[in-house]
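Hello,

Here is the structure I promised to pass on. Please look through it first; my notes follow below.

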Amino acid sequence: MAIDWFPLWLSLRVAALSTIVALLAGLWLGWLQTTKNYRGKDILDAIVTLPLVLPPTVLGYYLLIVLGRQSPLGRLYEWVFGQSLVFTWQAAVVAALLHSAPLLIKFSTAALESVPRRYGKAARSLGATEWMVFWRVSLPLAWNQILAATALAFARSLGDFGITMMVAGNIPGRTQTISVAIYDAVEGGRGDVARVLVLVISAVALVSLTLANRLGRVSVGKAAH
């Protein structure tokens with residue numbers, strides 16, 4: 001039984017990159033939603049939540065429209081990087097980002113909202129700016145919960161199938177992630193390969209979830225004290 005491990009390494013790379021981008025987006029949007037009152041705040045929250053409820057094929061279709069070669073964004077990407085974004089491994093990163101970012105953004109916002117407001121007020125009374133309150137007060141207190149959400153987002157990124165198939169395709173050695181490779185192995189009657197890949201990705205996801213649970217308990221313990 002010969003197993004091509006490229007899908008595993010590609011999935012880990014895609015999940016790592018999408019999680020980093022999702023974390024940055026989660027911190028920024030979490031800060032925006034917890035510190036600012038502006039028109040359209042509820043609409044933005046609904047837009048962030050929307051990928052959690054829409055079918056993956058719908059999300060993939062949206063990405064094809066937004067990032068396709070005929071779209072302004074797709075043309076800009078092709079002009080900058082010299083190739084189309086669709087059906088590349090970078091498109092798999094975008095797919096994983098859309099699949100996991102809403103979860104991380106929602107958890108990060110909730111973690112920042114859970115920080116007692118009296119700490120921020122005390123810091124402001126001592127002359128701290130809003131940015132200093134965020135970096136030196138709110139973020140350190142919410143950090144463990146945000147890291148737990150990051151581990152969950154990483155595990156979720158590993159499992160995307162529908163959006164990845166729509167925008168990155170199933171090109172062995174180029175865009176085939178492990179979830180797509182498992183589907184391909186089952187379709188091709190290679191059950192032994194599918195079983196190995198399923199066990200490997202399950203083990204990686206289990207480690208990520210264990211880490212998330214441990215970080216979550218640490219944050220709960222800190223809150224209790």
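Ser-138 counts as buried, at 15% relative accessibility (buried means under 20% relative accessible area, exposed over 50%, partly exposed in between, with a 1.4 Å probe and protein chains only). Ser-138 sits in helix H7. Helices here (H or I, at least four residues) and strands (E, at least two) are DSSP runs, numbered from the N terminus. Setting aside neighbours within four places in sequence, Ser-138 touches Leu-112, Val-115 and Val-133 (contact means heavy atoms within 4.5 Å).

**How the model was treated**

This is a predicted model: local features need pLDDT of at least 70, side-chain atom pairs count only at pLDDT 80 or more, and totals for chains, interfaces and linings use all residues. Residues are numbered from 1 along each chain as its sequence is written, and side-chain values use heavy atoms, with hydrogens and water left out.

**Overall picture**

The protein has ten helices and zero strands. Of its 225 residues, 41% count as buried. The C-alpha atoms fill a box of roughly 65 × 40 × 30 Å along the principal axes. Among contacts with a separation of 6 or more, 70% are between residues 24 or more positions apart. The protein exposes about 12600 Å², and carbon and sulfur atoms supply 67% of that area (Shrake-Rupley method, 1.4 Å probe; for residues, only the protein chains shown count as cover).

**What the record says**

UniProt, in an unreviewed entry, gives "domain: ABC transmembrane type-1" for residues 8–212. Over residues 8–212 the model is 80% helix and 0% strand. The end C-alpha atoms of that stretch are 21 Å apart. The unreviewed entry also places "transmembrane region" at 6–31, 43–67, 87–112, 133–155 and 193–212. UniProt positions are in the numbering used here, feature names are shortened, and annotations may be inferred rather than shown by experiment.

Two of these spans were checked against the model. Residues 6–31 are 100% helix and 0% strand, with end C-alpha atoms 37 Å apart. Residues 133–155 are also 100% helix and 0% strand, with end C-alpha atoms 31 Å apart.

**The cavity**

There is one cavity of 30 Å³ or more. On a 1 Å grid over the protein atoms alone, a cavity is a set of points where a 1.4 Å probe fits but cannot get out; lining residues have an atom within 4 Å of a point. Points are joined across faces, edges and corners, and a volume is the space filled by probe spheres set on the points. The largest cavity holds about 60 Å³. Its lining is Ser-11, Val-14, Ala-92, Ala-96, Ser-157, Leu-158, Asp-160, Thr-164, Thr-177 and Ser-179. Helix H1 (6–35), helix H5 (89–113) and helix H7 (130–158) each give two or more residues to that lining. By type, the lining has four nonpolar residues, five polar and one charged (Ala, Val, Leu, Ile, Met, Phe, Trp, Tyr, Cys and Pro are nonpolar; Asp, Glu, Lys and Arg charged; the others, Gly among them, polar).

Gly-189 follows H9 and has a positive phi, near 75°.

Phe-87 has a positive phi of about 65°, although it is not a glycine. Most residues other than glycine have a negative phi. Phe-87 lies in the loop between helix H4 (72–81) and H5. Phe-87 is partly exposed, with a relative accessible area of 40%.

Best wishes

Definitions and conventions. 1 Å grid on protein atoms, 1.4 Å probe; cavity = no way out; pocket = protein on both sides within 12 Å on 5 of 7 lines; lining within 4 Å.
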